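Hi,

Here is the structure I promised to pass on.

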Amino acid sequence: MTATRIQTDTPPRSAVKIAPFAPPLQISEDHHLCPGCGHPVAWRLLLEVLSELGLEHRAIGVAGHGCYTDIVRLSDIDWLQCLHGRAPAVATGVKRVQPQAAVFTLQGDGDMVTEGLHEILHAAARGERITAIMLNNGVFGDTGGQMTATTVLGQRTKTSLEGRDAETHGYPIPLADLLTNLPGAAYVARGAVNSAGSIAQTKKFLTRAFETQLAGEGFSFVEILTMCPTGWIIPTASGPGYVTEIFEKTFPVSQLKTAVRPD
């Protein structure tokens with residue numbers, strides 16, 4: 001007896017495409033970042049939010065310097081790049097000249113906190129109607145994995161091989177928590193990209209941050225904890241767990257401050 005193979009138009013479950021491989025504003029899926037890096041996930045969320053809010057032709061991004069700046073050539077929106085730490089000042093100028101634009105900064109923790117802490121604090125204190133996004137992995141990844149102002153205690157980097165020590169290096173700076181104390185900051189949140197649940201939550205935070213800007217409510221800020229197995233000197237697959245077990249103890253994921261809106 002010869003078996004008959006039944007042909008169907010339904011691909012096997014493993015081949016079913018449940019979402020686009022790239023959002024509409026993403027030009028290419030290829031990037032130069034290390035395996036296990038969390039930045040590309042954050043990029044995707046950002047571009048999805050801009051597209052879903054209809055901001056394709058109004059968005060202007062201001063990038064600092066770091067691994068994350070590869071997004072400039074991979075996304076179909078307008079970008080400016082500036083000196084280390086100066087993105088909030090540049091974004092302020094852009095927003096004041098183009099008040100109808102959706103202006104945002106994209107910076108790493110080294111760029112925003114170590115190099116430009118004063119810039120982000122003053123922009124928030126002024127209540128600038130921009131959205132600032134910080135990708136926080138606790139290292140200067142682009143220059144080799146040195147310690148930054150957000151490196152958590154005990155974290156190994158190229159300049160703290162035995163782990164960050166408070167007596168020697170001081171304590172990490174929780175930028176999001178500082179910003180909540182400034183009246184000009186209307187929305188502050190901290191998300192992550194180490195699990196499906198955290199990714200969905202972070203997308204909601206980004207959406208609310210841009211809605212805050214569009215409503216003219218003030219400065220908005222989203223910190224995103226991202227993986228950097230290379231800089232952390234750990235196996236690639238251990239990155240998501242490292243965020244949960246190490247980073248989130250110092251930087252808890254949550255919505256820290258929201259603008260009060262009339263019912």
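Ring pairs tie Trp 232, Tyr 242, Phe 247 and Phe 251 together into a cluster. Before the details, a caveat: this is a predicted model, where local features need pLDDT of at least 70 and side-chain atom pairs count only at pLDDT 80 or more, while totals for chains, interfaces and linings use all residues. Numbering runs from 1 along each chain as its sequence is written, and side-chain values use heavy atoms, with hydrogens and water left out.

Searching the whole structure turned up six aromatic pairs (rings of Phe, Tyr and Trp, the latter by its six-membered ring, with centres within 6.5 Å; planes under 30 degrees apart are stacked, over 60 edge-to-face, the rest tilted). Trp 232 and Tyr 242 are stacked, at 4.4 Å centre to centre with 25° between the planes. That pair links distant parts of the chain, with Trp 232 in helix α9 (residues 229-232) and Tyr 242 in helix α10 (residues 239-250), ten residues apart (helices are DSSP runs of H or I, at least four residues, numbered from the N terminus).

Tyr 242 also pairs with Phe 247, this time tilted: 6.2 Å centre to centre, 50° between the planes. Tyr 242 counts as buried because its relative accessible area is 15%, and Phe 247 does too, at 0% (buried means under 20%, exposed over 50%, partly exposed in between, with a 1.4 Å probe and protein chains only). Trp 232 is buried as well.

Cheers

Key. Helix = DSSP H or I, 4+ residues; strand = E, 2+ residues; numbered from the N terminus.
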